[in-house]
Amino acid sequence: METIDIREQAERIEVIKGDITEMNVDAIVNAANKSLLGGGGVDGAIHRVAGPELLEETKTLGGAETGEAKLTKGYNLPAAYVIHTVGPVYQDGQHNEEELLRQCYDHSLETALANNIKTIAFPSISTGAYRYPVEEAAKIAFDSVLDALLQHDASELEKVYFVAFDDETYHYYQKLYDLYFA
Ligand code: AR6
């Protein structure tokens, strides 16, 4: 029964290889750090494209804890909003990393639902500078998104994109997509 429900969500999830800053969606998610004031990786790319007004707005937010999510406008991005979340730094898997990464996805989706954001694109949170193993991280991402899709119909949450920037990330996300939906 549950399998049938999950399969019905196939068209509400899409795995893409590319640059999240080009996504024409209601909101993109940023893999930020606790300062929320920008950095390298996807965070740097988002701030570059959004422009200096994004930094001005994030300065007013007072940072964020690991697992939290905070909303800003998208400024010069095609996306109307950015949801900034702070992933865990991966140590050895014994420091609550799994729970904290799950919170990033759950809180980002809750933020989307609370703000009438129906299309959302996620990068692979924590798997770059923060070194979370990408295969495990992708499972957490899928689990969180599938739970949200099963609980909210398309009128609330229309489509979730996973945007992989590199081949390895794309491979693991595709593998999971096939596992659930092929
Ligand atoms: N579009 C989509 N994904 C991207 C892009 C892009 N334009 N650029 C990089 N990625 P990372 P983290 C991928 O390091 O591990 C920052 O300095 C990248 O290939 O951006 O959560 C922050 O300020 C990888 O698969 O984020 C924090 O200090 C994924 O995004 C710290 O890094 C995440 O890599 C956060 O580290």
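The lining of the largest pocket comprises 14 nonpolar, 11 polar and four charged residues (Ala, Val, Leu, Ile, Met, Phe, Trp, Tyr, Cys and Pro count as nonpolar, Asp, Glu, Lys and Arg as charged, and the others, Gly among them, as polar). The model is predicted, with local features requiring pLDDT of at least 70 and side-chain atom pairs pLDDT 80 or more, whereas totals for chains, interfaces and linings use all residues. Residues are numbered from 1 along each chain as its sequence is written, and side-chain values use heavy atoms, without hydrogens and water.

The volume of the largest pocket is about 600 Å³. A pocket is an open set of points on a 1 Å grid over the protein atoms alone where a 1.4 Å probe fits, with protein on both sides within 12 Å along at least five of seven lines; lining residues have an atom within 4 Å of a point. Of the 29 lining residues, Ala31, Gly41, Val42, Ser124 and Gly128 are the closest to the pocket centre. Two or more lining residues come from each of strand S2 (27-32), helix H2 (41-50), strand S6 (159-164) and helix H6 (167-181), these elements being DSSP runs (helices H or I, at least four residues; strands E, at least two). H2 provides the largest share, four residues.

The largest pocket holds the ligand (more than half of its atoms lie within 2 Å of the pocket's grid points). Among the 23 residues around the ligand, Asn33, Gly40, Asp43, Gly128 and Ala129 come nearest (a heavy atom within 4 Å defines a near residue). The shell contains nine nonpolar, 11 polar and three charged residues.

A polar side-chain atom of Asp19 lies 2.9 Å from a ligand nitrogen atom. A backbone N or O atom of Gly40 lies 2.7 Å from a ligand oxygen atom.

Methods
Grid points are joined across faces, edges and corners, and a volume is the space filled by probe spheres set on the points. A polar contact is a pair of N or O atoms within 3.5 Å; within protein, one must be able to donate a hydrogen and the other to accept it, and residues adjacent in sequence count only if both atoms are side-chain atoms.
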